[in-house]
Amino acid sequence: PTVPPTVSPTVPPTVSPTVPPTVPPTPAPVTPTTPPPTPPVSCLTVKIDILTDYFPTETSWTISDQEGNEVASGSGYTQSQTNYIQDQCLESNNVHTFSISDTWGDGICCSYGSGSYQLSLGETTFIEGGDFGSSVEHRFLLLDLDTVMIDHSTCAGEAVNGANNMDDFVKRGAGEKCKGGQHCLSNKCDGNGICE
């Protein structure tokens, strides 16, 4: 004989009260610490225009700052009688030296093509040339968009007797003392050492 199972009373499950989930608080935004901004360096855009001669691979140039750090350069030219133009932002109130070299030693003008170099600020060319031997350099100081001072002791290889470095840069107005015409805005220094 089989005995039928006993049915026990079923108790319905108890419903637990539902508690809404706890949302973690939003953390406060973290502001990253950043160093103070570096003040902008005032620079002026100088256009360097190199017109190569018939042997462009011989030509190279650099611009260095007053500490001797190279800040711009050009070389590797492949096309003869071609203008290579580069705009370079150079720090103002810093003495720069532009140096150009020709590995053959005949410059870039005039025996083997009419090459040249020009440095310009805006529409004003302030250094130019092409007829040199192995190399030539020019020092200059950019003051603002309208003012570039050139070290005339580096022009044509002539030093001004008795002029110190600052005298070489300063162009003087009429009535001011001078040591040579190149120190005067008029390029005329009278016999008494006064700019005309």
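**Reading the strands of a predicted model**

Guide: Strand β1, residues 43-51, runs antiparallel to strand β8, residues 116-121, and six bridges join the two. Within this pair, Lys 47 stands opposite Ser 120 of β8. Keep in mind that this is a predicted model.

Visitor: What do strands of a sheet pair through?

Guide: Strands of a sheet pair through backbone hydrogen bonds, and the pairing is either parallel or antiparallel. Here, β1 and β8 belong to an open sheet of four strands. Its order is β4-β1-β8-β9, and the pairing is antiparallel.

Visitor: Which strands stand at the edges of that sheet?

Guide: β4 and β9 (124-129) do. Each has a single partner strand, so one side of each is left without a neighbour in the sheet. From one strand to the next, the twist averages 20 degrees.

Visitor: Let me step back. How many helices and strands does the protein chain have?

Guide: The protein chain has one helix and eleven strands. Read from the N terminus, the order is β-β-β-β-β-β-β-β-β-β-β-α.

Visitor: How many bridges join β2 to β5, and how do the strands run?

Guide: Six bridges join β2 (residues 59-64) to β5 (residues 95-102), and the strands run antiparallel. For a landmark, find Ser 60: Ser 101 in β5 stands opposite. On β3 (residues 70-74), β2 has another antiparallel partner, over four bridges. There, Thr 62 has Ser 73 as its bridge partner.

Visitor: And what lies on the β10 side of β5?

Guide: β5 pairs with β10 (residues 135-144) in the antiparallel sense over seven bridges. Val 95 stands opposite Leu 141 in β10. Ile 100 stands opposite Val 136 in β10. Then move on to β11. β10 and β11 pair antiparallel over four bridges. Leu 141 turns up again here, with Met 149 in β11 as bridge partner.

Visitor: How many residues lie between β10 and β11 in their hairpin?

Guide: Two residues lie between them. The hairpin of β2 and β3 has five residues between the strands. In that hairpin, Gly 68 takes a positive phi near 90 degrees.

Visitor: Do Gln 81 and Asn 93 fall under partly exposed or exposed, and why?

Guide: Use the cut-off: over 50% relative accessible area is exposed, under 20% is buried, and partly exposed is in between. Gln 81 has 35% relative accessibility, so Gln 81 counts as partly exposed. Asn 93 has 54%, so Asn 93 counts as exposed.

Visitor: Where is a cis peptide bond?

Guide: A cis peptide bond joins Cys 109 and Cys 110, with omega at about 25 degrees. Cys 110 lies in strand β6 (residues 109-110).

Visitor: Which residues form a nonpolar patch on the surface?

Guide: Tyr 54, Phe 55 and Tyr 112 form one. Together they have about 340 Å² of accessible area. Phe 55 has its place in the loop between β1 and β2. With a relative accessible area of 40%, Phe 55 is partly exposed.

Visitor: How much of the protein chain is buried?

Guide: Of its 196 residues, 35% count as buried. The accessible surface of the protein chain comes to about 12900 Å², and 55% of that belongs to carbon and sulfur atoms. For contacts, take residues at least 6 apart in sequence: 53% of those contacts join residues at least 24 apart.

Key
Residues numbered from 1 in each chain as written. Predicted model: local features only at pLDDT ≥ 70, side-chain atom pairs only at ≥ 80, totals over all residues. Heavy atoms only, no water. Buried < 20%, exposed > 50% of the residue type's maximum accessible area, 1.4 Å probe, protein only. Contact = heavy atoms within 4.5 Å. Areas by Shrake-Rupley, 256 points an atom, 1.4 Å probe, with all protein chains shown as cover. Pairing = 2+ DSSP bridges. Axes fitted to C-alpha atoms, helices over the stretch in contact; angles between N-to-C directions. Patch = residues over 30% accessible without salt bridge, like charges linked within 9 Å, V, L, I, M, F, W, Y side chains within 5 Å. Salt bridge = Lys/Arg side-chain N within 4 Å of Asp/Glu carboxyl O.
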